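I wanted to look up how two chains of this model meet, and I kept my notes in the order of looking.

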Number of protein chains: 6
Amino acid sequence: MAKHVKPIDRGGYKEHPYVIPHMTLDEYGPKFKDFFTLKREKGILEAKFHTNGDSLVWSAQVHRALWQICTYVGQDMDNEIMIFGGTGKNWIAGQDETTTMSEEENRDWMIYDHMFYDGTNICEGFIFDLEIPTIGVINGPGFHTEMALFCDITLMADNAFIIDPHYEAGMVPGDGIQIAFRECMGLKRANYAMLMCEKIDAKKALEFGMVNEILPPDKIYDRAWEIARKLMTKKRAMRRTTVQILRAPWKEALSKELRFAFGMEMMVTATDKPEHTNDAWNDLTDKQRKNMAKNAEKMEKKHRK
Amino acid sequence: MAKHVKPIDRGGYKEHPYVIPHMTLDEYGPKFKDFFTLKREKGILEAKFHTNGDSLVWSAQVHRALWQICTYVGQDMDNEIMIFGGTGKNWIAGQDETTTMSEEENRDWMIYDHMFYDGTNICEGFIFDLEIPTIGVINGPGFHTEMALFCDITLMADNAFIIDPHYEAGMVPGDGIQIAFRECMGLKRANYAMLMCEKIDAKKALEFGMVNEILPPDKIYDRAWEIARKLMTKKRAMRRTTVQILRAPWKEALSKELRFAFGMEMMVTATDKPEHTNDAWNDLTDKQRKNMAKNAEKMEKKHRK
Amino acid sequence: MAKHVKPIDRGGYKEHPYVIPHMTLDEYGPKFKDFFTLKREKGILEAKFHTNGDSLVWSAQVHRALWQICTYVGQDMDNEIMIFGGTGKNWIAGQDETTTMSEEENRDWMIYDHMFYDGTNICEGFIFDLEIPTIGVINGPGFHTEMALFCDITLMADNAFIIDPHYEAGMVPGDGIQIAFRECMGLKRANYAMLMCEKIDAKKALEFGMVNEILPPDKIYDRAWEIARKLMTKKRAMRRTTVQILRAPWKEALSKELRFAFGMEMMVTATDKPEHTNDAWNDLTDKQRKNMAKNAEKMEKKHRK
Amino acid sequence: MAKHVKPIDRGGYKEHPYVIPHMTLDEYGPKFKDFFTLKREKGILEAKFHTNGDSLVWSAQVHRALWQICTYVGQDMDNEIMIFGGTGKNWIAGQDETTTMSEEENRDWMIYDHMFYDGTNICEGFIFDLEIPTIGVINGPGFHTEMALFCDITLMADNAFIIDPHYEAGMVPGDGIQIAFRECMGLKRANYAMLMCEKIDAKKALEFGMVNEILPPDKIYDRAWEIARKLMTKKRAMRRTTVQILRAPWKEALSKELRFAFGMEMMVTATDKPEHTNDAWNDLTDKQRKNMAKNAEKMEKKHRK
Amino acid sequence: MAKHVKPIDRGGYKEHPYVIPHMTLDEYGPKFKDFFTLKREKGILEAKFHTNGDSLVWSAQVHRALWQICTYVGQDMDNEIMIFGGTGKNWIAGQDETTTMSEEENRDWMIYDHMFYDGTNICEGFIFDLEIPTIGVINGPGFHTEMALFCDITLMADNAFIIDPHYEAGMVPGDGIQIAFRECMGLKRANYAMLMCEKIDAKKALEFGMVNEILPPDKIYDRAWEIARKLMTKKRAMRRTTVQILRAPWKEALSKELRFAFGMEMMVTATDKPEHTNDAWNDLTDKQRKNMAKNAEKMEKKHRK
Amino acid sequence: MAKHVKPIDRGGYKEHPYVIPHMTLDEYGPKFKDFFTLKREKGILEAKFHTNGDSLVWSAQVHRALWQICTYVGQDMDNEIMIFGGTGKNWIAGQDETTTMSEEENRDWMIYDHMFYDGTNICEGFIFDLEIPTIGVINGPGFHTEMALFCDITLMADNAFIIDPHYEAGMVPGDGIQIAFRECMGLKRANYAMLMCEKIDAKKALEFGMVNEILPPDKIYDRAWEIARKLMTKKRAMRRTTVQILRAPWKEALSKELRFAFGMEMMVTATDKPEHTNDAWNDLTDKQRKNMAKNAEKMEKKHRK
């Protein structure tokens, strides 16, 4: 007859004593410190992306960190809800011009490793790698807001906007934004928004059903925490399986289309050599440029070691 | 050479004389009298659920009667349109506390027979078992309004609301309400409504496209009959095949997800033992409690025989 | 506090004492006696269709009885497994020429009520109306064997064959047979079989994966009972939910295509006036003709009353 | 080793010198002159349907020309964007009563060749046969506006409306309009609109997300050209593959349902013999009747030759 | 009241006298003479691709002609069945080395116009542009046999084989062959065949259910004609709508995946610059090389004019 | 203007110097040593699961390690192909009776954390978390062979078999095995195999198309390495994107059904309390029992520290 071993009590859940332990926040937290401020209270993990402590400046290394964090957060059983958003005044403040690799000289890397592989894994990260409720916080203006649309609940600052700059930048909108737009505002509106690079302000985004609440920028994280705490009052398995049901249409949509459509985008990018880092994506203030330069210096120093 | 037999003329349609006759309203009507007031005029069947003549009080026996009526109404060729809704001031007035079976002692029954089997068959009943147009009438406040959303046309009283209390009650929203919400207001709004137990009033329900018309409670059945009579002016096969086309997305959605997601809900329910009859679902007035008690007495007397 | 009522013990399952009782075999059995021999032992229901005690002769009244039995068997909680098949030497022995209604004079009935409505409901009956495992027994030669393919397990007599005679008869194969063929032998083989009216014998049917076992005609029902008894050894909810999972692809396929494709078949039938009762479908022996005539007499007498 | 041949430079694109040349606007343009005014500037093709230079009057010959133009425009590599819409004050001014074939005497033609074949090919023409962005211009009132909904961007005159007259005319809405309505306003609103023949004005159409912009009738084509020129500023392969991604949901929806549902519509039409040319579809002014008569004369003269 | 115009009798069908006439075989036949031998008898069109009268040598111009013929054949109402296959001993004899354009200098053309646009349109041509039954004849060895798999019925010469050389040639199998393989032999076998470049001989292809009949090369076209004549014995609308039902799974599969997956193939091709014209694809005999050279000369002369 | 940083050359690929480095085999390898023997040569990773150096004995800790390895292997860019299979004579040798946790006392853990969460993540791990080709090696008899079916290529020892013991063990087959069976042998065969617990030997598995090659047990890993080396001869992005296309049907199937159906399985398990560790799953020899006991001791000692 079976002799039973005793479970380890992990607070909210039990664990078999012989399993390979998951990596803890203490272990993976430091890896992310250049890209994310991570804070956890009673199972609620707040992950705010940043560059040198201020609004994020987009870069190849951020592009990868975005799905890496989903993998690490997802495998950590001590995370029960994730609040995900930006830092400071902007969702994303621009594109980093100081730490780029030459796309000309590193074409294979640029098309497959950087764009296709990292890009598809970001969308899949939010939808497939996290068992737990996610709250996206669009804390201010910036591009790539579709990451917040992939969250289960989306809050939007009243001064933010949603836009797909692909067409304007000479690129095919196939990186998952087309799925987010279509699911969140319907086919007809989505197609127009993508072809015309429509700038959708908070009021319209709410009216279209793309986001769930509009808030002043300085209240938005408080509200996210309020929602998270409310969701935490219910039992763990219920909370986790609920979001798995709610995300089912996202899963099917991504499975059917994400990698394929991304391939179409990359086919054109690989042929046309569009200037990805065009002005449409950049709106950097002097202050941001300075911060970016400082960060580049810091990164160089760090990785030279 | 074939010798032909003569059809039986049934008013709106012909019938082969040797078929097994369907059960008529006279035969099945009396079975439902404790749960439904049934009235038929020129092919339009009005089915109003009730408890002892007033607003329905939810119970295990009602849960079963709801799909049973779809089966019986569906096989009766003399029904051409169904108006479906509540009685009195409420859509549903609360949960019956006087005729429950012990869930503790009857776990198998509770999970499979009562919840899963009856629950999945209700949704499938509206979508698969009825060939005819259906008009759902949300005559007043109450839960489980998703049954009216599954109807082809939905009318809503101006004082009614739509809410999914699952999460609040510690249950997974997998009983079909997630399909109704998603199809009727889009993914993003639906997921928020389910996680936050959002109370959607009539104005918002119309704006979201969840319902088709808002009416004062005392005019709502008149309008349902007006619509039904208008629909009846057209030919029978056209009317029936039209709704079969309109319901195709419902059919595909239910086929793909209903029983599966219901299983997820029940997995958690069977493990967590949530207090299903929690306060969120009950809002009974004294008058209702009295009516409920009276009904329990009547039922006991009836079934003791 | 809730006062609990006691469940009724129904042998294999419990029932709330106040539910509307389902119709029992004693009640619905007699309705079917001209079309089905029904026998039940410990939850296993054997339903053998017949005409006057011998192999079935196809007719409009049979066409309807086939889905009616699914509705009645499905709502009867005392049925736990259904064995479904033919009587005597043939699966179906031919088409009844003695009890037909004039298709010329009853066009509406023929297209909608007889063909479309009854035809779609047969396929849906097997897949949607029965919660329980089904074992199809192709006991000998005959057309419309696709009904057995829709069962969860299919046994085939070594002298039987599977054929789709639509194209040969000038009809579009859209009544569900196209779904059964495609799911059971793959797209390429199915399309050839339908265009070429390929006669698929038992050996080939097994090789193609259309059926599960080949048996001598006189052993086939014994084997069906053996399988049924084996399946009955396991618990009720497990048995029922298992087949719901196994049938999921059938449900999705029927939901997406059945009624629509049937409409295409009927569009052509309504326009072309094909001679539906053509020779391809009839292969009647003298003995069968005599039986059919005798039956017609009996039916006339019965319905004259 | 391969000796290379030189490409032909076609302005916006290169062509292998040995391919079979596509038909040019000069070749196919004249074929369409009775049905379409075609104008092309720098890759932007404006195709305005008309009858005798004024608003189109619907007819069997137009029904065919609508998909023929998609085929011809689609194979012409020199077309890069299509603007598609009506002429004069109306989108469509009514049904032609002067050039009809007898539906009674030509039933096969009416059901299959005219309705099913031409009808399905119109929807497929817009979605499958054109690689390029399409801008639909609903220039004024009229039926069959769903053709403009199938375009990638849809502009609507402030005095126009969208309506599905099928049910009112005794017909099943299965010709693709049900797909357009469902995709453009959601299931619940679409089903109501089809059952109730709801007249959706421009304001509501915009609010529902069915169309993208509302404009005064006299400014609408200017705006279409403005949009087209904006879209043309980007590279060719990007522009073309972008719309292929945007149209993916349309493609899947049409593939799954269009022909099948059309079959259901035709099944009923072939059986019921509805008066297709009923008043609901006709709203002709005296001026229009005169124009129509003049056109009939012209057509007769032309085809008598 | 309507005055009726008389239909034109076209043999098998009627036509409205005022429609824009389709292009006839006399008009489009000559365009194809360098690529296809076209022969039509009583509605059966035999289209055999060739190079200079012998087995086809693959080239950019052929790649386009393959979908062009589907467009032209499809719009010609006088075609009722298409037999499609190769000429001489081989299905395809190799790749043309004498009429290539420089892929280096014409990258945009190569990726988008030549590969993506022509390539996707070939698959769509067979499935979407033809209303009529198609019989694919794999008359001998050669690559790109998937075109014959897309036909409704597929005959295979006993010395032929089916192979996907993509992986071996350093290319992603995303041009539609992955759909054909998956639909015709199932997921597991298909994935192995594509990764391992498995050479599937006729016996195995039949056993896997990829093809319908194996024949000696010299009897294969006779059999195709025999089948075509058999199919022609039935009525036109039935024949055409039947294949539309049979092709439904192909349509859905292509709509969901073809263009997207092709984009993934091209993303890699555009990045990797694989040597597309590699040895894996070429197996030319001296005789073929001579024929190819002769053809190149002929083409040059023709197009120099 | 942008100043470029230099990529790090990682052998087969380039990496941006500032990305968060992935965990290397040196880092994660040791975590897995109790469950997997990991060996890597030139990008080919062989992962053989084991218990104490011999055939694996199934346990809760293994159940979790199986998806953990997919996560770790998947994020390691230095893995290019994975060979996955068992150790010694058996695929899996039985169930561990010495390290179990009490299911009675840890119901929440058992249903959600152990079964549902770990179970769904195993299937998703193979299909979603690995970008690279996978070769499954069924090296001998044992249950849960469906993990090898989820690999892109499957090799099977001639003495192995495939069986689904769910039904026999009183459990619902909803843990993903139903998807693997259906995709690999078709609906009809799969449903029979699951209801009847059919033991499918290697010959039949090959004939059904479930596996790709049969080999003697002592040659099977050599063959796997041979295939892996062959696949490695082609370029990296091509190899990786190819398997993403090949896996698309798996992705869609898992997204639509896996978690939902698993919920149905668990609903019944949570209600019925089936004896999961029943005899059907256990076939342990004395030698294995000794090994298991020794391992239990080792584990206890290790985790006591």
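I began with charge pairs and found six salt bridges between chain B and chain C, taking a salt bridge as a side-chain nitrogen of Lys or Arg within 4 Å of a carboxyl oxygen of Asp or Glu. In one that I looked up, B:D113 pairs with C:R236, and the closest N and O atoms are 2.7 Å apart.

I noted that this is a predicted model, in which local features need pLDDT of at least 70 and side-chain atom pairs count only at pLDDT 80 or more, while totals for chains, interfaces and linings use all residues. Side-chain values use heavy atoms, without hydrogens and water, residues are numbered from 1 along each chain as its sequence is written, and chains are lettered from A and ligands numbered from 1 in the order in which they are written.

I then looked up the extent of the contact (heavy atoms within 4.5 Å), to which chain B and chain C each bring 64 residues. The two chains bury about 5700 Å² between them, 58% of it on carbon and sulfur atoms, where buried area is the accessible area (1.4 Å probe) that two parts lose on being put together, summed over both. On the chain B side, B:Y18, B:I20 and B:Y112 supply 14% of the area buried against chain C, more than any other three residues.
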